[in-house]
Structure formats: structure tokens, C-alpha cells
Amino acid sequence: MDALDIEKWRFISQSPGKSVGISSVLLGLILFGRAAFVFPLSFLSNLLQKSPHVKIDMKQQVTIWWSGLMRGAVSIVLAYNQMK
């Protein structure tokens with residue numbers, strides 16, 4: 001939960017360049033981490049399904065990936081607002 005530590009964010013707010021850099025790295029890691037779970041697990045699920053109409057197509061996989069990102073972002077914002 002270091003990302004929610006107020007003291008660390010105060011230190012970063014003193015230099016905007018660091019803040020943008022850290023935010024970019026965090027965003028990239030979140031996007032990559034979510035994709036690293038959704039797409040391989042969907043592929044595995046598709047291998048185990050016998051019926052073609054039950055399989056998860058690429059459009060649905062992207063929807064799952066994106067909805068998970070939004071759900072996580074909303075949770076973090078709500079948790080952060082509770083700490084203020």
C-alpha cells in the first residue's frame with residue numbers, strides 16, 4: 001500500500017517531472033499486469049471449452065481487460081478519498 005502513502009506523494013509533488021514519470025510507469029505496469037492475466041487465462045479457458053459458442057473471442061477479452069482496469073481505478077480513487 002505504498003502507493004497510498006501521503007508522505008511519499010508529498011515528496012513527489014515537489015518535482016512534477018518525477019510525478020509524471022512515476023505515474024507513467026505505474027500506468028504502464030497496470031496495463032501490462034492486467035493484460036498478462038486476462039489474455040493467457042482466456043486462452044486457457046478457450047482450450048478447455050468444447051463448444052465454440054462458449055469460447056471467449058478477442059473482443060470480449062479486451063472488454064474484460066478494460067472493465068477490470070476501470071473497476072480497479074475506481075476502487076483506488078474511492079479508497080484515496082476516504083483517507084483525506
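Predicted model: local features only at pLDDT ≥ 70, side-chain atom pairs only at ≥ 80, totals over all residues.
Me: How many residues does α2 have, and what distance does α2 reach from its first C-alpha to its last?
Reply: Helix α2 runs over residues 16–48. At 1.5 Å a residue, a span of 48 Å is expected for α2. The helix comes close to that, with 33 residues and a reach of 48 Å.

Me: Which residues does the UniProt annotation "transmembrane region" cover?
Reply: The annotation comes from an unreviewed UniProt entry. One of its spans, residues 20–43, is 100% helix and 0% strand in the model. The end C-alpha atoms of that span lie 34 Å apart. The record's "transmembrane region" covers residues 20–43 and 63–80.

Me: What share of the chain's residues is buried?
Reply: The chain has 84 residues. It exposes about 6800 Å², and carbon and sulfur atoms supply 71% of that area. Buried residues make up 11%.

Me: Which residues of α2 are buried?
Reply: An α-helix has 3.6 residues a turn, so residues three or four places apart point the same way. In α2 the buried set is Val 38, Ser 42 and Asn 46.

Me: Is Ser 42 buried or exposed?
Reply: Ser 42 sits in helix α2. Its relative accessibility is 6%. The cut-off for buried is under 20%, so Ser 42 counts as buried.

Me: Which residue's backbone oxygen lies 2.8 Å from a polar atom of the side chain of Ser 42?
Reply: Leaving out residues up to four places away in sequence, Ser 42 touches Ile 56 and Gln 61. The 2.8 Å pair involves a polar side-chain atom of Ser 42. The backbone oxygen belongs to Val 38.

Me: Which residues form the aromatic pair, and is the pair stacked, edge-to-face or tilted?
Reply: A search of the whole structure finds one aromatic pair. The rings are 6.3 Å apart, centre to centre, with 50° between the planes. Stacked needs under 30 degrees and edge-to-face over 60. The pair is Trp 65 and Trp 66, and it is tilted.

Notes. Residues numbered from 1 in each chain as written. Heavy atoms only, no water. Helix = DSSP H or I, 4+ residues; strand = E, 2+ residues; numbered from the N terminus. Buried < 20%, exposed > 50% of the residue type's maximum accessible area, 1.4 Å probe, protein only. Polar contact = N/O pair within 3.5 Å; in protein donor to acceptor, adjacent residues only side chain to side chain. Contact = heavy atoms within 4.5 Å. UniProt positions renumbered as here; feature names shortened; annotations may be inferred. Phe/Tyr/Trp six-rings, centres within 6.5 Å; stacked < 30°, edge-to-face > 60°. Areas by Shrake-Rupley, 256 points an atom, 1.4 Å probe, with all protein chains shown as cover. Expected span 1.5 Å × (residues − 1).
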